[in-house]
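This report looks at how a few strands pair with one another and at where nonpolar side chains gather. Please keep the sequence and the structure in view while reading.

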Amino acid sequence: MTQPTESYLKVPYDLRPAKQIERRMLIDAFQRLSMARFPMASYQYTGFGSIYFVDFILFHKLLGIDNLLSVEYSTRIKKRVHFNRPFLQVKIEIKPIGDVIPSLSRDRRHILWLDYDDILRASHLADVVLAGTYLTVGSILLITIDVEPPAGDSPSDWREHFVVEAGDYLGGSSKLVDFAKSKLPLLNTSILEVAIKRGLAGREAKFIPLFNFVYADGHRMLTVGGIIGTDQEERDLQASTLVRAPYYRSDLRKPPYEILVPRLTRKERLYLDCSMPCSDLWKPKDFELSAKDILAYREIYRFFPAYAELLL
């Protein structure tokens, strides 16, 4: 089995603007669901905290979630993981996530975030199938994967990777054009959806899509997410304000929500904020900015993190 990469060594998890925007959109979505018979504070959050625990801090502080479980694969940083645990409520398991999913409580709803940092592997799909099999009704499953091209220089090389790692989940995706670089997000989404549904086979539950994000803080990443639910959960969802959010995606076959982060100075952001949300034709009078960047900022200004240096 391919071992997870130790991305804590190369990625500053707390300084990734597109990822942080995604997190804040998820929190916004969960707050909306909390008002529609999805009591998020009573859920358990299970994810990959690494040594940063960014999701855990935000979900505890902003959603009131007290049941928190961080799963870490690498035994080499066991002490470091425990040292950086932000709250007493955070429990830590040092083992593969595939060993943890079947043991998740059947008496509680869950948010499970399989936040992988590399390209799709057979081991990831095995975890996704387990999630579909064991997560309780009303739970939320999130899966993040790197959608950059696999090793090789051409679609034929990339097709070989997916045939080896995900052959049973490809369905009708066998034409070379399906493995073009521009098609990789859709291809990965389709594979993940098949894996989720395979896990749900035989259950009186279905996958109700909520999210399909694409973003890049260096590598191009994809996050797919939704509810493991029944017709009742689908009715509760439709009664929520989430269905009116711009990032909501109910059909994974349609284009994803792309998180675009314009390059702006702090002064430019403060200026733009005073006119947000702006009209489609609005432009700043005091500096040049493309219409594309203005509209992208309008979409994300509520979720855009602010970074500053603090000298202690």
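## A hairpin of two strands

In this predicted model, strands E6 and E7 form a hairpin with one residue between them, and glycine 218, which lies in the turn, has a positive phi of about 105°. The two strands, of which E6 covers residues 206–217, run antiparallel and are joined by eleven bridges.

## Strand E7 and its other partner

Strand E7, which spans residues 219–229, also pairs with strand E5 (residues 139–146), and these two run antiparallel with eight bridges joining them. Here isoleucine 143 has valine 224 of E7 as its bridge partner. Is strand E7 mostly covered or mostly open? Strand E7 is mostly covered, since nine of its eleven residues are buried.

## The nonpolar cores

The largest nonpolar core holds 55 residues, and among these Phe30 and Tyr247 touch the most other members. Several elements each supply at least two residues of this core, including E5, E6 and E7, as well as helix H1 (17–34) and helix H10 (291–300). The element that gives the most is H1, with eight residues.

Tyrosine 247, when its neighbours within four places in sequence are left aside, is in contact with Met25, Asp28, Ala29, Arg32, Leu210, Phe211, Phe213, Leu242, Tyr257 and Phe303.

Terms used:
Residues numbered from 1 in each chain as written. Predicted model: local features only at pLDDT ≥ 70, side-chain atom pairs only at ≥ 80, totals over all residues. Heavy atoms only, no water. Buried < 20%, exposed > 50% of the residue type's maximum accessible area, 1.4 Å probe, protein only. Helix = DSSP H or I, 4+ residues; strand = E, 2+ residues; numbered from the N terminus. Pairing = 2+ DSSP bridges. Core = buried A, V, L, I, M, F, W, Y, C linked by side-chain atoms within 4.5 Å. Contact = heavy atoms within 4.5 Å.
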